[in-house]
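Subject: Structure handover

Hello,

Please find the structure below. My notes on it follow.

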Amino acid sequence: MSYKGEHKNYLALFIFAGINVTDLTELIYALQATGCINNGVVTIKELSAWLYSFFNVEAKDCYRFYVDIRRRKTVSKTVFIEKMRDALNDKLRKDDEKERARR
């Protein structure tokens, strides 16, 4: 895939397949909280607009979804982030097992 000069065309290729916009909001707030975008110099409004556009998500009020996350009564409020962590750890473990089996 080549994306040079095709900015708007390749955006249509990526669709956020999380369960809901709240999942994407968790990701947005985590990226902002860790300061890993623009060395931490980005607002939630800027970051959410960018990621909503990138993933073709129609949502406007990121803060409303953040309030929903804060109101969660579960053991952890970051359900989606933990799902991502668990999925990546599973992939790493399986890849390690495959590599050990080849030796």
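Gln32 sits in helix α2, residues 21–34 (helices are DSSP runs of H or I of at least four residues, strands are runs of E of at least two, and both are numbered from the N terminus). This is a predicted model, in which local features need pLDDT of at least 70 and side-chain atom pairs count only at pLDDT 80 or more, while totals for chains, interfaces and linings use all residues. Residues are numbered from 1 along each chain as its sequence is written, and side-chain values use heavy atoms, with hydrogens and water left out.

Gln32 has a relative accessible area of 28%, so it is partly exposed (buried is under 20%, exposed is over 50%, partly exposed is in between, with a 1.4 Å probe and protein chains only). Leaving aside residues up to four places away in sequence, Gln32 touches Val42, Ile44 and Leu47 (contact means heavy atoms within 4.5 Å). Val42 is ten residues from Gln32 in sequence, and their C-alpha atoms are 7.1 Å apart. A polar atom of the Gln32 side chain lies 3.4 Å from the backbone oxygen of Val42.

**Packing of α2 and α5**

Helix α2 packs against helix α5 (residues 79–102) at an angle of about 80°, and the axes are 8 Å apart (axes are lines fitted to C-alpha atoms, for helices over the stretch in contact, and angles run from 0 to 180 degrees between N-to-C directions). The two helices are therefore roughly perpendicular (65 to 115 degrees; under 35 is roughly parallel, over 145 roughly antiparallel, and the rest oblique). On α2 the contact is made by Asp23, Glu26, Leu27 and Ala30, and on α5 by Val79, Phe80, Ile81 and Met84.

**Loop residues**

Ser76 is in the loop between α4 (62–70) and α5. Ser76 is buried, because its relative accessible area is 17%. Its side chain makes a polar contact of 2.3 Å with the side chain of Glu82 (a pair of N or O atoms within 3.5 Å; within protein, one must be able to donate a hydrogen and the other to accept it, and residues adjacent in sequence count only if both atoms are side-chain atoms).

Most residues other than glycine have a negative phi. Asn38 is not a glycine, yet has a positive phi of about 55°. Asn38 lies in the loop between α2 and α3 (44–54) and is exposed, at 53% relative accessibility. Asn56 also has a positive phi, near 55°. Asn56 lies in the loop between α3 and α4 and is partly exposed, at 41%.

Regards
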